[in-house]
Amino acid sequence: MVGGVDYSPILSSKRNLTIFIQGDSLAEQHFLGMICYAWSANNLSVNLERLSAQKDVAQGTVWQANITENDSSFKIQYLRWNQPRYPPSARLGLASTETVDFNLLAKPDFIFLGGWHHGFSDKDSVEQFLAQMSVQGINGHGKQNVFVLDALPNHFPGGKYLKSGKYPSTDGVCTRNNSKGDPDINENLISIMEGQANVKLLQISKLYYHRGNAHVGHIPEGTIWPQGGRDCLHWCIAAGVMDALTRMTLAAIYKNI
């Protein structure tokens, strides 16, 4: 156990579990939060590697972390796929724009879906995406242990960095479907989930509504969006603003091992 985060229920199961996380840049931070404590533990080793030809923020980028203790291990895979539509497969194993090389992905025991900030977040698109993911899953493996994360408040409340550090609560700042506050997809997810027999909803956004002041200051303007600053949801790892999501994810896994 490191910092109150305990991986032993996963490791002691001796099942070599695979945890799959799909989504946008916040899902990438979810992935990093899940492995950060393992990096800090003396008894655990972490092997992190990019598996895909794509890299950085390109659609279809795949990262994998193998976490090992003695003869026990599990892996976490992250797929950068920031739209709720089923990823098309790359042909002949060659990665190209807007495709995923499914040969890189293991059959997961747990699937965590997100990435609602980047368009196509209307109710019909999400319903169809969840129906496909819960039945087809990844490499034909779904139907159980599929979790949906509601949309985290994205970037800075109001969409820009403020020198004063005095941000409004993200709650109610912006209810439009965009990258500024709380997208309206969260209002739809509960009703969408009522028709999904094989998926469960993790409501985690409320944990972050009042973290508008969680930022690390300037970066060179124009190097990355949003210009002029970088918010903690996209920067801090552990112990930090993503810890609550890490703990809720592990709790969901422990209940279903």
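## Helix α4 and its buried face

Helix α4 spans residues 185-193, and its buried residues are Ile185, Asn186, Leu189, Ile192 and Met193. Here, buried means under 20% relative accessible area, exposed means over 50%, and partly exposed lies in between, with a 1.4 Å probe and protein chains only. Viewed down the axis of α4, the buried residues fall within an arc of 110°, so they line one face of the helix. The arc is taken from the directions that run from the helix axis to the C-beta atoms. An α-helix has 3.6 residues a turn, so residues three or four places apart point the same way.

The cover over the buried residues of α4 includes α3 (123-135), β6 (146-149) and β7 (199-202). Contact means heavy atoms within 4.5 Å.

## Basis of the model

This is a predicted model, in which local features need pLDDT of at least 70 and side-chain atom pairs count only at pLDDT 80 or more, while totals for chains, interfaces and linings use all residues. Residues are numbered from 1 along each chain as its sequence is written, and side-chain values use heavy atoms, with hydrogens and water left out.

## Overall architecture

The protein chain has five helices and seven strands. Along the sequence, these elements follow the pattern α-β-α-β-β-β-β-α-β-α-β-α. Helices (H or I, at least four residues) and strands (E, at least two) are DSSP runs, numbered from the N terminus.

Of the 257 residues in the protein chain, 51% are buried. The chain exposes about 11700 Å², of which carbon and sulfur atoms supply 48%; accessible areas come from the Shrake-Rupley method with a 1.4 Å probe, and for residues only the protein chains shown count as cover. Among contacts between residues at least 6 apart in sequence, 68% join residues at least 24 apart.

## Helices α2 and α5

Two packed helices are described by the angle between their axes and the distance between the axes. The axes of α2 and helix α5 (residues 243-254) come within 9 Å and cross at roughly 80°. The axes are lines fitted to C-alpha atoms, for helices over the stretch in contact, and angles run from 0 to 180 degrees between N-to-C directions.

On the α2 side, the contact is made by His30, Gly33, Met34 and Tyr37, and on the α5 side by Asp243, Leu245, Thr246, Arg247, Thr249, Leu250 and Ile253. By class, the contact of α2 with α5 has five nonpolar, four polar and two charged residues. In this scheme Ala, Val, Leu, Ile, Met, Phe, Trp, Tyr, Cys and Pro count as nonpolar, Asp, Glu, Lys and Arg as charged, and the others, Gly among them, as polar.

Leu26 also lies in helix α2 (residues 25-40). Leu26 has a relative accessible area of 4% and is therefore buried. The C-alpha atoms of Leu26 and Arg80 are 10.0 Å apart in space, although the two residues are 54 apart in sequence.

## Pro9 in helix α1

Pro9 is part of helix α1 and, at 28% relative accessibility, counts as partly exposed. Pro9 touches Tyr254 and Ile257, not counting residues up to four places away in sequence. Pro9 and Leu250 are 241 residues apart in sequence, with 9.4 Å between their C-alpha atoms.

Lys200 belongs to strand β7 and is partly exposed, with a relative accessible area of 35%. Not counting residues up to four places away in sequence, Lys200 touches Asn145, Val146, Phe147, Val148, Met193 and Asn256. Lys200 and Phe112 are 88 residues apart along the chain, and their C-alpha atoms are separated by 9.5 Å.

Asn198 occupies the loop between α4 and β7. Asn198 is partly exposed, at a relative accessible area of 31%. Its C-alpha atom is 8.8 Å from that of Phe147, and Asn198 and Phe147 are 51 residues apart in sequence.

## Loop residues with positive phi

Lys14 is not a glycine, yet has a positive phi of about 60°. Lys14 sits in the loop between α1 (8-12) and β1 (18-23) and is exposed, with a relative accessible area of 52%.

Asn70, also not a glycine, has a positive phi of about 55°. The loop between β3 (62-69) and β4 (72-80) holds Asn70, which counts as exposed at 73% relative accessibility.
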